[in-house]
Amino acid sequence: AAAEKGGHSSFMEKEILEQPTAIASTLLGRTDAEGALVLDELRISEEQLRAVTKIVIVACGTAFYSGMTAKYAIEHWTRIPCEVELAHEFRYRDPVVDQHTLVVSISQSGETMDTLMAVKHARELGALTISICNTHGATIPRESDAVLYTHAGPEIAVASTKAFTAQITACYVLGLYLAQLRGGSYAEEAQQVMRELHEIPSKVETLLAGMDRVREIARFMADTRSVLFLGRHVGYPIALEGALKLKEIAYIHAEGFAAGELKHGPIALIEPGQPVFIVVPGPDTPHGLHGKVVSNIQEIRARGARTLVIAEEGDEDVVPFADEVIRVPQAPPLLEPLLTIVPLQVFAAELASAKGLDVDQPRNLAKSVTVE
Ligand code: AGP
């Protein structure tokens, strides 16, 4: 097993570091020489895809958070309404789905029973189904009309990391493909976004090379009882995923919130010394969201929170209110999640190992949940 980990302390550590390759491999071969997206593998006719009036993403856990992230981009690029639902909720609530609905399931293993049952249910209702999956020949892709594989390579650690960034990448490829297919103002933008996506792996590489301080913070925090995570826009699902990682492997109470929701309740939790990670939208994010989140940091800091701020390189606005600034390379707002999640993964893995826990095989959890 030591050899399989390639000299790393855990599979999770190894898989975190494999993300540049996982993202690059998921992008590979999905554009032609002119830069246009090609998804011949899809096996659903262009005509059927053009007729789609609604997209529903179904998934569980980390895969669900990748879907939540993708929703922002897919709706923006395709102008098709996109819902994201936990697979186990979707199936039991009489969802409105017909032959013009595209149900996109996301699953690393392709064996998650809840997700499989949601896909079967969607097919019974006449929907088109696409599986985004990391495991070749798994049950969910076999039960779907089409599959778009993530090429993250086998993921061994129970806590999903490289599959997550590969899932976001695959969803983005699908969204851009639909935008291109349907024409309209975002069709041209699609090639530009693909070029920007191709720059992400080297940015993740740079980011991973600078994680020493994050590891140090994690080790200092080994006795922490509770950590909060705030995010907004695409940073919101990243806050949720950061919290999930910490719960899963470090057994620390962790909760993610939408930053805009603070004043509607969660701010009451802030007391002196409470650690809070804040995923700050880049200064280019529309609607002044960057400034709004900076104000949130200021508000919680005034109430004694210990602010651990994840912000873009060059974003100086956060500095006065940050106890720690964790820098990520600059990227277009919708692509930021592929970067901002990385320090949170590293933080959880390092903290769990500082506590002497089995990072790869947390208690009570299985890698793939094949029962309902
Ligand atoms: C992630 O860290 C979890 N272990 C879990 O939430 C997982 O993402 C979920 O069970 C879905 O698994 P799947 O992607 O194999 O369907």
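Tutor: A residue is buried if 20 or more other C-beta atoms lie within 10 Å of its own, exposed if 12 or fewer, and partly exposed in between, with C-beta atoms placed from the backbone. By that count, 53% of the 372 residues in the protein are buried. The model is predicted: local features need pLDDT of at least 70 and side-chain atom pairs pLDDT 80 or more, while totals for chains, interfaces and linings use all residues. Residues are numbered from 1 along each chain as its sequence is written.

Student: How do you know whether the radius of gyration agrees with that of a compact globule?

Tutor: The radius is taken over C-alpha atoms, and the globule rule is 2.2 Å times the number of residues to the power 0.38. For 372 residues the rule gives a value near 21 Å; the protein has 20 Å, which agrees. Along the principal axes, the C-alpha atoms fill a box of roughly 55 × 45 × 45 Å.

Student: What share of the contacts joins residues 24 or more positions apart?

Tutor: A contact means that two C-beta atoms, placed from the backbone, lie within 7 Å. Among contacts with a separation of 6 or more, 74% link residues 24 or more positions apart.

Student: What makes a stretch count as a helix or a strand?

Tutor: Helices are DSSP runs of H or I with at least four residues, strands are runs of E with at least two, and both are numbered from the N terminus. The protein has 14 helices and 10 strands.

Student: How do you know where the buried residues of α2 lie around the helix?

Tutor: In α2, residues 19–27, the buried ones are Gln19, Ala22, Ile23 and Thr26. Seen down the axis, they fall within an arc of 95 degrees, so they line one face of the helix. The arc is that of the directions from the helix axis to the C-beta atoms. An α-helix has 3.6 residues a turn, so residues three or four places apart point the same way. The buried residues of α2 pack against α1 (11–17), α8 (162–182), α10 (200–208) and α14 (337–354).

Student: What arc do the buried residues of α10 span?

Tutor: The buried residues of α10 are Ile200, Pro201, Lys203, Val204 and Leu207. Their arc is 160 degrees, so they too line one face of the helix. They pack against α2, α9 (185–198), β10 (324–328) and α14.

Student: Why are β1 and β3 called paired?

Tutor: Two strands pair if DSSP finds at least two bridges between them. β1 (residues 54–59) and β3 (residues 101–107) have five bridges in the parallel sense, so they meet the rule. In β3, the bridge partner of Ile57 is Val104. β1 also pairs with β2 (residues 82–86), in the parallel sense over five bridges, and Ala59 stands opposite Leu86 there. Five of the six residues of β1 are buried.

Student: What makes a set of residues a nonpolar core?

Tutor: Its members are buried Ala, Val, Leu, Ile, Met, Phe, Trp, Tyr and Cys residues joined through C-beta atoms within 7 Å. The largest such core has 126 residues, and Ile57, Val103, Leu176, Leu230, Ile278 and Val309 touch the most other members. α8 gives the largest share, 13 residues. Leaving aside neighbours within four places in sequence, the contacts of Leu230 include Ala239, Phe257 and Ile278.

Student: Where does UniProt place the feature "active site"?

Tutor: The unreviewed UniProt entry places it at Lys367. UniProt positions follow the numbering used here, feature names are shortened, and annotations may be inferred rather than shown by experiment. Lys367 lies in the segment after α14. It has 16 other C-beta atoms within 10 Å, so it is partly exposed. Not counting residues up to four places away in sequence, Lys367 touches Ser109 and Val158.
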